[in-house]
Amino acid sequence: MTVGGGARLAADGALLDIQAPVRDEIERVPQAMWRIVTSDNELIGTVTEHLMGMRGKLFRPTLLLLASAVEQPVSDRAIQLAAIAELIHLGTLIHDDSVDHSVLRRGQPTVNALFSHQLSVLMGDFLYVRAMAELVRDGDLAVLTTVTSASSEMTLGEIRQLAAVDALAFSEADYEQLIRSKTASLFSAVCEVGAIVGGGSHREALARYGDRLGRAFQIADDLLDYTADQGTTGKPHGLDLREHKVTLPLIAALRDMGSAERARVEDLFADAEPSDELIAEVTQIVADSGGLEYARRRGDSYAEEAEQALSGLPRGPVRNALVDAMSYVLDRKS
């Protein structure tokens, strides 16, 4: 499915609507990020400038600021923590691109493609260290524990994925554990941190909301690899299959496809460099076997659980924005 510019603009507009209750504060996050990573080292400055030019839509900082605004106005401290959260996320992306040898991220060259794998690893470490130093300076043990636990879980999730010996034996239970670690843990952490600095009354509910939203986000992301083109996502189509990554659409499809179709999937995973034609064929097999539809239903289910977690929050623009974030996650095109 090819998505046009109008759909992308609609998605961007939806995010702007979600950010409306914290719009002024979101606009201060990039400046806070710059302050944290500023260095006299010329090479670090060059790489940082490239990274800031390819940063994402600040969705995780948005969630943190919204969570902090449930009970009281957003504080300067919340903005600083939102910047820290985005730097940690950016660090994980740099490391992921290096591990996967990816050359594009959001339509721009990755750090490892533009510079080197060695510098990519070190730059990811630099962002982590600077972010953690700011957390120590913040001095709140609850915040520090929440963020470091999520960072540890993300790393362990990536290690588990790399340690998988037989990719096609990767089960739905394995996948659920993976998306909890690699994506939902940080979503949950930013929402929980926002709740902590915003008064703390809804900490557990917002942590659960973030967890379920993060799971839905990752499923939607995995679906995009099957349904969107490079012009929409900024990365090559079918990249997960090309890199022999097994995600929920394929896991679900494998349960129902015939032996001939499974043989074609096995051919792809046995090929170190599968052709575009084979990737397209397997993509169609996954769709025909119901894998995409099953994944959509699971994403919808997690979104419903996220909405249920918000039931005890006070009604108003902030809660509405958190509810709207679920539709944004499920309907996004990049």
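I searched the whole structure, a predicted model, for salt bridges and found 21. Side chains of opposite charge can pair when their charged atoms come close.

**Entry: D138 and R77.** I looked up this pair and found a salt bridge, with the closest N and O atoms 2.7 Å apart. D138 belongs to helix 8 (residues 117–138) and R77 to helix 6 (residues 76–100), so the bridge ties together parts 61 residues apart in sequence. I noted D138 as partly exposed, at 25% relative accessibility. R77 is partly exposed too, at 31%.

**Entry: D276 and R242.** Here the closest N and O atoms of the salt bridge are 2.8 Å apart. This pair links distant parts of the chain: D276 is in helix 16 (residues 276–288) and R242 in helix 13, 34 residues apart. D276 has 49% relative accessibility, so I logged it as partly exposed. R242 is partly exposed at 30%.

**Entry: R296 and E293.** I read 3.9 Å between the closest N and O atoms of this salt bridge. Both residues sit in helix 17 (residues 291–309), three residues apart, about one turn of the helix.

**Entry: a network.** I also found salt bridges linked in a network, whose members include E153, E172, R208 and E305.

**Entry: backbone angles.** Most residues other than glycine have a negative phi. I looked at L58 and found a positive phi near 60°. L58 is in the loop between helix 4 (42–53) and helix 5 (59–68). Is L58 buried or exposed? L58 counts as buried, because its relative accessibility is 8%. H244 also has a positive phi, near 60°. I placed H244 in the loop between helix 13 (239–242) and helix 14 (248–254). H244 is partly exposed, at 23% relative accessibility.

Technical notes. Residues numbered from 1 in each chain as written. Predicted model: local features only at pLDDT ≥ 70, side-chain atom pairs only at ≥ 80, totals over all residues. Heavy atoms only, no water. Helix = DSSP H or I, 4+ residues; strand = E, 2+ residues; numbered from the N terminus. Buried < 20%, exposed > 50% of the residue type's maximum accessible area, 1.4 Å probe, protein only. Salt bridge = Lys/Arg side-chain N within 4 Å of Asp/Glu carboxyl O.
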